[in-house]
Amino acid sequence: MSPETVEKKVQPVDPINFTDQSKSGSLLMISAAYGQIVPKGETQRLKNAWGNPREIEVEADHSTIVLYSKHLLGEVKEHFFNYLK
C-alpha cells in the first residue's frame, strides 16, 4: 500500500479522535525519546490533545525501552496510587 492509502485507512482510528482533556489527570504517557515507530511530533500532538498529562520520556527506542521496565512499573504504580487517593 502507498503511504497515502495507509493514512486514509488509519485516519478513523487516530488516537487524537479519542482524547478527553477532562481525564488528563489520570493519564500517564510513557514515550521513547529515540522511538521511530511514533514520531516525536505525533507524541507531542497526542499529549497536547489530552491536555498535557504527565509524561515520562525514556532515553530509549521502542525496542530498548524494556530495559527501563522496572523503573517504569514503579512510576506507573506511584501514578495510579496517587490518582486513586
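Biologist: How many helices and strands does the chain have?

Modeller: Three helices and two strands. This is a predicted model. Read from the N terminus, the elements follow the order α-β-α-β-α.

Biologist: What box do the C-alpha atoms fill, and what percentage of the residues count as buried?

Modeller: Along the principal axes, the C-alpha atoms take up a box of roughly 45 × 30 × 15 Å. The chain has 85 residues, and 22% of them count as buried.

Biologist: Which residues line the largest pocket, and which element gives the largest share?

Modeller: The lining consists of Asp-14, Pro-15, Ile-16, Met-29, Ile-37, Val-38, Pro-39, Glu-42, Thr-43, Arg-45 and Leu-46. Helix 2 (residues 40-49) provides the largest share, with four residues. By class, seven lining residues are nonpolar, one is polar and three are charged.

Biologist: Which residues form the nonpolar patch on the surface?

Modeller: Met-1, Val-6, Val-10, Val-13 and Phe-18 form this patch. Together they have about 540 Å² of accessible area.

Biologist: Where is Val-6 placed, and why does Val-6 count as partly exposed?

Modeller: Val-6 sits in helix 1 (residues 3-10). Partly exposed covers the range between the buried limit, under 20% relative accessible area, and the exposed limit, over 50%. Val-6 counts as partly exposed because its relative accessibility is 35%.

Conventions:
Residues are numbered from 1 along each chain as its sequence is written. This is a predicted model: local features need pLDDT of at least 70, side-chain atom pairs count only at pLDDT 80 or more; totals for chains, interfaces and linings use all residues. Side-chain values use heavy atoms; hydrogens and water are left out. On a 1 Å grid over the protein atoms alone, a cavity is a set of points where a 1.4 Å probe fits but cannot get out, and a pocket is an open set with protein on both sides within 12 Å along at least five of seven lines; lining residues have an atom within 4 Å of a point. Ala, Val, Leu, Ile, Met, Phe, Trp, Tyr, Cys and Pro count as nonpolar, Asp, Glu, Lys and Arg as charged, and the others, Gly among them, as polar. Patches are made of residues with over 30% relative accessible area and no salt bridge: like charges are joined within 9 Å, nonpolar side chains (Val, Leu, Ile, Met, Phe, Trp, Tyr) within 5 Å. Accessible areas come from the Shrake-Rupley method with a 1.4 Å probe; for residues, only the protein chains shown count as cover. A salt bridge is a side-chain nitrogen of Lys or Arg within 4 Å of a carboxyl oxygen of Asp or Glu. Buried means under 20% relative accessible area, exposed over 50%, partly exposed in between (1.4 Å probe, protein chains only).
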